[in-house]
Amino acid sequence: MRLSAKPIISYCNVNNYSFGNQWIVRAGDPNTLYFQILDIDQAVNVNNTSNFGVFTGITPVNPSAGLRYMLGIGSQNQPYGITVTFPSLDNSKTIVATAVQADANDSSIWKVSLSSLQSPGGGNVQFAIMEGSVVRRFSVMNMIGVDDPTNDGSC
Amino acid sequence: MGTDFPQTKGYGTAAYPVHMIADSNLFKRVEPMLTPEQLRSRFLKGIPLWFSNGDTFSDDELKDRIYLAGNQVELDLKTTLVKGQRQDKLPFKSEDYKAYIHLTAPQGPILSIEQLAIVSADKNIIFEIPPTWIETSNFEKRIINVIPLLAAYGVNSVQGAVGNAGIAFLSVMDGLNWVPAYWQIKYTSGLSNKEGLIPTNVNELIGCVAAIDLLSMIAATFIHTSQSQSQDGISQSSSGPGPRIYQLRIEELQAKRLKIEAQLRTIFSNRFIMGNF
């Protein structure tokens with residue numbers, strides 16, 4: 001089982017949300033970032049393999065990135081929690097945030113809240129998932145893009 | 001990941017546009033890393049991203065292509081897109097020493113320097129150049145100079161001198177022309193001072209590389225240059241470019257890629273044009 005996370009860009013409730021490829025935030029804004037934990041070893045292939053293609057004008061359905069993974073299922077997986085790290089070359093700018101379950105009914109969807117003083121660097125985001133005595137770590141490539149409204153003409 | 005910087009010195013300007021200290025914010029020249037949506041809208045508009053057997057490119061696969069293209073661009077430009085800290089040892093060359101310790105770092109552009117020291121092969125710091133002496137204004141060209149002239153205005157101590165141990169090393173400056181590993185530099189290099197933001201033109205270069213690969217993969221599956229069918233005296237035929245379907249677009253992207261690469265190299269390194277006059 002290899003876990004990963006997929007960014008959610010608009011979240012209303014567990015039955016109403018949409019995925020994105022990336023969180024896009026503005027440096028200096030307070031942000032609440034939602035994500036869903038996935039088991040990428042259980043990618044559900046819903047692709048139609050019946051040989052239709054470029055001449056039919058039908059776009060094949062993308063395979064999903066993985067089956068959602070619910071944390072804390074079973075007594076051996078208690079307690080559980082997620083730590084999210086926004087890395088930086090400079091230790092003083094690395095942000096480590098504790099994620100909170102977005103809804104008590106779905107332990108696959110979590111959120112982290114960043115204050116206006118916490119400005120992450122864009123790029124990869126690292127996750128540590130604790131279940132019982134087990135810790136699973138992974139990094140999601142280029143999961144966050146950060147606009148810098150204070151000086152976006154140069155870097 | 002992560003490094004503490006007990007001391008660091010940069011020039012204090014942007015990595016890109018080079019040496020910019022302020023701008024009007026009316027025009028954007030940097031942005032976060034290319035996304036799959038941007039890759040499609042900027043480079044692959046109108047191109048069907050699926051194959052005749054039903055295979056397709058998902059967003060995750062496009063992300064993977066961007067990741068591969070980003071690594072390719074790092075190799076092409078001989079730098080890193082985001083900043084990283086490096087440690088290198090450079091040779092002692094007498095002619096460079098006479099030119100205010102004119103050192104050229106293997107990687108650039110340099111964003112900041114954390115250490116410049118004479119370090120022995122057993123990794124002892126013999127002599128550490130005071131940060132105040134290090135000239136930083138040519139960092140974008142990978143050049144480090146040491147100008148100790150300000151000593152006359154009050155610098156009266158040198159950090160890191162290890163007793164008499166340095167004498168042998170310092171004496172080589174008089175007697176030898178070349179020592180293969182003499183100066184140790186610890187520095188931060190990359191194309192951006194701000195993590196997560198890269199120059200827009202670099203993003204365009206990444207997009208060109210990714211789009212060329214994608215178009216090449218898709219075009220290879222167009223195996224027929226002509227097709228015809230007939231039945232009971234009625235026939236229909238069609239012909240097309242076959243696997244060369246996107247050749248023109250690929251060539252245009254390739255030309256654009258080479259042009260951006262050359263322009264970025266001009267900004268971030270020294271290009272010498274030599275000839276007989």
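**Cavity and ring pairs**

Modeller: This predicted model holds one cavity of 30 Å³ or more.

Biologist: How much space lies in the largest cavity, and what lines it?

Modeller: The largest cavity has about 30 Å³ of space. Its lining is P91(B), F92(B), K93(B), D96(B), Y97(B), I101(B), L103(B) and W183(B). Strand β3(B) gives the largest share, three residues. Two elements of chain B, β3 (84–93) and α3 (94–98), each give two or more residues.

Biologist: Which classes of residue make up the lining of the largest cavity?

Modeller: Six are nonpolar and two are charged, with no polar residue.

Biologist: Why is the pair of F127(A) and F138(A) called stacked?

Modeller: The planes of F127(A) and F138(A) are 20° apart, and planes under 30 degrees apart count as stacked, so the name applies. Their centres lie 5.0 Å apart. F127(A) is in strand β10 (residues 123–131) and F138(A) in strand β11 (residues 134–147), eleven residues apart. Both residues are buried.

Biologist: What makes the pair of F92(B) and Y97(B) tilted?

Modeller: Its planes stand at 50°. Stacked needs under 30 degrees and edge-to-face over 60, so the pair is tilted. The ring centres are 5.6 Å apart.

Biologist: Is F92(B) buried or exposed?

Modeller: F92(B) has a relative accessible area of 0%. Buried means under 20%, so F92(B) is buried.

Biologist: Why does Y97(B) count as partly exposed?

Modeller: Its relative accessibility is 31%, which falls between the cut-offs of 20% and 50%, so Y97(B) is partly exposed.

Conventions
Residues numbered from 1 in each chain as written. Chains lettered and ligands numbered in written order. Predicted model: local features only at pLDDT ≥ 70, side-chain atom pairs only at ≥ 80, totals over all residues. Heavy atoms only, no water. Phe/Tyr/Trp six-rings, centres within 6.5 Å; stacked < 30°, edge-to-face > 60°. Helix = DSSP H or I, 4+ residues; strand = E, 2+ residues; numbered from the N terminus. Buried < 20%, exposed > 50% of the residue type's maximum accessible area, 1.4 Å probe, protein only. 1 Å grid on protein atoms, 1.4 Å probe; cavity = no way out; pocket = protein on both sides within 12 Å on 5 of 7 lines; lining within 4 Å. Points joined across faces, edges and corners; volume = space filled by probe spheres on them. Nonpolar A, V, L, I, M, F, W, Y, C, P; charged D, E, K, R; others polar.
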